[in-house]
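The points proceed from strands to charged pairs and then to helix packing.

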Amino acid sequence: MQNQPVLGIDIGGSGIKGALVDLAAGDFAAPRLRIPTPSKSTPANVADVVAEIVAEFADKMGDGPIGITIPAVVTHGITRSAANIDKSWIDAPAEKIFSDRLGRSVVLVNDADAAGVAEVKFGAARDHQGLVLMTTLGTGIGSAILYRGVLIPNSELGHLEIDGHDAETQAAASIKTLLGLSYSEYVGRLQRYYEVVEALFWPDLFVVGGGVSKDADKFMPKLKLKTPIVPAALRNRAGIIGAAWLAVDKVEHPERPA
């Protein structure tokens with residue numbers, strides 16, 4: 001991994017955030033910049049905002065690659081879905097759109113996958129050599145699967161069907177807010193979700209991210225699982241850090257599948 005700071009950018013439904021990342025330290029090298037996501041969040045409009053962020057940091061990052069996360073399934077640079085962004089992203093050649101707009105090498109990755117990579121490389125699952133399953137509890141449920149530090153991308157475990165429902169419609173943090181549930185009331189929904197995931201994958205460690213992870217002490221001790229479960233360590237920095245790591249990893253290991 002290189003010593004020069006690497007730019008990571010995290011595209012969300014309400015904000016697009018970017019920061020230079022020190023990959024030796026596994027943390028931001030400078031404060032992040034946030035710009036609101038355009039109300040019409042098409043690829044072209046989002047690429048314009050990303051270009052603003054790149055321009056802000058350009059003199060400090062050299063000509064290295066840029067890592068970008070997006071709330072979508074990404075296969076070979078193409079966005080196959082769109083969560084909380086314009087539906088015109090579906091089947092768009094998104095990585096090429098960004099690369100053409102920026103004139104730079106770009107690596108595009110699902111946002112939960114980027115967060116999972118960051119937690120395994122620098123956070124709550126650092127150097128874990130088993131099967132790590134990260135979930136992000138937010139508007140939906142994002143997931144990332146890593147085995148011996150290697151990402152198995154686009155797992156989408158928030159969309160498992162459990163008891164006849166799409167899992168995230170029952171257990172996402174947004175449902176807790178929508179229904180006004182206390183953590184004592186919400187924990188049963190999490191129990192059902194995690195016990196099903198555990199029975200399907202038998203991970204060695206669960207890592208839980210998303211805003212509710214800051215309140216981990218209010219629900220994690222109440223979960224009855226065989227798998228250890230811990231809160232994410234990097235919080236809202238994880239996506240940016242993971243994207244930066246993946247960008248450099250792709251340059252250093254071009255032989256790996258995209």
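1. The structure is a predicted model, and the points below should be read accordingly.

2. Burial of strand β5. Strand β5 covers residues 66–70 and is mostly covered, with 5 of its 5 residues buried. Ile 66, Ile 68 and Ile 70 point one way from the strand, while Gly 67 and Thr 69 point the other way.

3. Neighbours of strand β5. Strand β1 (residues 6–11) pairs with β5 in the parallel sense, over 4 bridges. In that pairing, Thr 69 of β5 is the bridge partner of Asp 10. Strand β8 (residues 106–110) also pairs with β5 in the parallel sense, here over 5 bridges. Ile 66 stands opposite Val 106 of β8.

4. Salt bridges overall. How many salt bridges does a search of the whole structure find? The search returns 9. Side chains of opposite charge can pair when their charged atoms come close.

5. Arg 80 and Asp 91. The side chains of Arg 80 and Asp 91 meet in a salt bridge, with an N to O distance of 3.2 Å. Both residues lie in the loop between β7 (78–79) and α2 (94–102), so the pair ties together parts that are 11 residues apart in sequence. Arg 80 has 40% relative accessibility and therefore counts as partly exposed. Asp 91, at 48% relative accessibility, also counts as partly exposed, since the exposed class begins over 50%.

6. Lys 96 and Asp 100. A salt bridge joins Asp 100 to Lys 96, and their closest N and O atoms are 2.7 Å apart. The two residues are 4 residues apart in helix α2, so about one helical turn separates them. Asp 100 counts as exposed at 51% relative accessibility, and Lys 96 is exposed with a relative accessible area of 54%.

7. Asp 163 and Arg 192. Arg 192 forms a salt bridge with Asp 163, the closest N and O atoms being 2.9 Å apart. Arg 192 belongs to helix α6 (residues 183–201), whereas Asp 163 lies in the loop between β12 (161–162) and β13 (165–166); the pair therefore ties together parts that are 29 residues apart in sequence. Arg 192 is partly exposed, with a relative accessible area of 34%, but Asp 163 is exposed, at 53%. The pair is also part of a network of salt bridges that links Asp 163, Arg 192 and Glu 195.

8. Packing of α3 against α7. How are helix α3 (residues 111–122) and helix α7 (residues 238–252) arranged where they pack? Their axes are 7 Å apart and meet at an angle of about 80°. The two helices are therefore roughly perpendicular to each other, a class that spans 65 to 115 degrees.

9. Composition of that contact. On the α3 side, the residues in contact include Ala 114, Val 117, Ala 118 and Phe 122. The α7 side includes Ile 241, Gly 242, Trp 245 and Leu 246. The residues of this contact divide into 10 nonpolar, 2 polar and 2 charged. Glu 119 and Lys 121 of α3 are also among the contact residues.

Notes: Residues numbered from 1 in each chain as written. Predicted model: local features only at pLDDT ≥ 70, side-chain atom pairs only at ≥ 80, totals over all residues. Heavy atoms only, no water. Buried < 20%, exposed > 50% of the residue type's maximum accessible area, 1.4 Å probe, protein only. Pairing = 2+ DSSP bridges. Salt bridge = Lys/Arg side-chain N within 4 Å of Asp/Glu carboxyl O. Axes fitted to C-alpha atoms, helices over the stretch in contact; angles between N-to-C directions. Parallel < 35°, antiparallel > 145°, perpendicular 65-115°, else oblique. Contact = heavy atoms within 4.5 Å. Nonpolar A, V, L, I, M, F, W, Y, C, P; charged D, E, K, R; others polar.
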